[in-house]
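This briefing goes through a predicted model, and it is grouped by topic so that each part can be followed on the structure itself. Please keep the view open while reading.

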Amino acid sequence: MKKRNLSSCPVEITLELIGNKWKVLILRDLIEGTKRFGELRKSIGSVTQKVLTQNLRSMEEDGLLERKVFAEVPPRVEYTLTNTGYSLKKILDSMFIWGEEYKKNNY
């Protein structure tokens with residue numbers, strides 16, 4: 001895990017780590033369990049391979065997920081949340097509840 005210079009503000013730290021749409025959707029999918037690259041790409045939908053790869057690498061460097069490569073042909077790669085990554089579940093649960101309420105009250 002690469003050490004980075006973090007803000008003194010906890011909210012800003014959280015946004016630095018998961019502050020884009022793709023990272024939140026990756027977390028959403030990996031909270032359910034280990035997934036392969038193709039499974040993540042398919043479940044997220046409109047993300048490009050390049051962007052998904054960049055976000056997965058960034059999240060691995062930040063200690064949010066682990067990448068396991070199997071020595072097979074073709075190579076198999078699996079992604080699993082670390083305990084730190086899984087600790088974000090409370091945030092995602094809150095986002096889900098808020099989104100449901102917003103949808104109910106505004107649409």
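The largest pocket of this predicted model holds about 280 Å³ of space. Two elements, α2 and α6 (89–106), each give two or more residues to its lining.

**The largest pocket**
- The residues that line the largest pocket are K21, V24, L25, R28, I31, E32, K89, L92, D93, M95 and F96.
- When this lining is sorted by class, six residues are nonpolar and five are charged, while no polar residue is found there.

**The packing of two helices**
- In general, a pair of packed helices is described by the angle between their axes and by the distance between those axes.
- Helix α2 (residues 21–31) packs with helix α4 (residues 49–61) at an angle of about 75°, and their axes lie 10 Å apart.
- Because angles of 65 to 115 degrees count as roughly perpendicular, α2 is described as roughly perpendicular to α4.
- On the side of α2 the contact is made by W22, K23, I26 and L27, and on the side of α4 by V51, L52, N55, L56, S58 and M59.
- The residues of this contact between α2 and α4 comprise seven nonpolar, two polar and one charged.

**The sheet**
- Three strands form an open sheet in the order β1-β3-β2, and their pairing is antiparallel.
- β1 (35–36) and β2 (65–70) stand at the edges with a single partner strand each, so one side of each has no neighbour in the sheet.
- β1 pairs with strand β3 (residues 76–81) in the antiparallel sense over two bridges, and the bridge partner of R36 in β3 is E78.

Terms used: Residues are numbered from 1 along each chain as its sequence is written. This is a predicted model: local features need pLDDT of at least 70, side-chain atom pairs count only at pLDDT 80 or more; totals for chains, interfaces and linings use all residues. Side-chain values use heavy atoms; hydrogens and water are left out. Axes are lines fitted to C-alpha atoms, for helices over the stretch in contact, and angles run from 0 to 180 degrees between N-to-C directions. Helices (H or I, at least four residues) and strands (E, at least two) are DSSP runs, numbered from the N terminus. Angles under 35 degrees count as roughly parallel, over 145 as roughly antiparallel, 65 to 115 as roughly perpendicular and the rest as oblique. Contact means heavy atoms within 4.5 Å. Ala, Val, Leu, Ile, Met, Phe, Trp, Tyr, Cys and Pro count as nonpolar, Asp, Glu, Lys and Arg as charged, and the others, Gly among them, as polar. Two strands pair if DSSP finds at least two bridges between them. On a 1 Å grid over the protein atoms alone, a cavity is a set of points where a 1.4 Å probe fits but cannot get out, and a pocket is an open set with protein on both sides within 12 Å along at least five of seven lines; lining residues have an atom within 4 Å of a point. Grid points are joined across faces, edges and corners, and a volume is the space filled by probe spheres set on the points.
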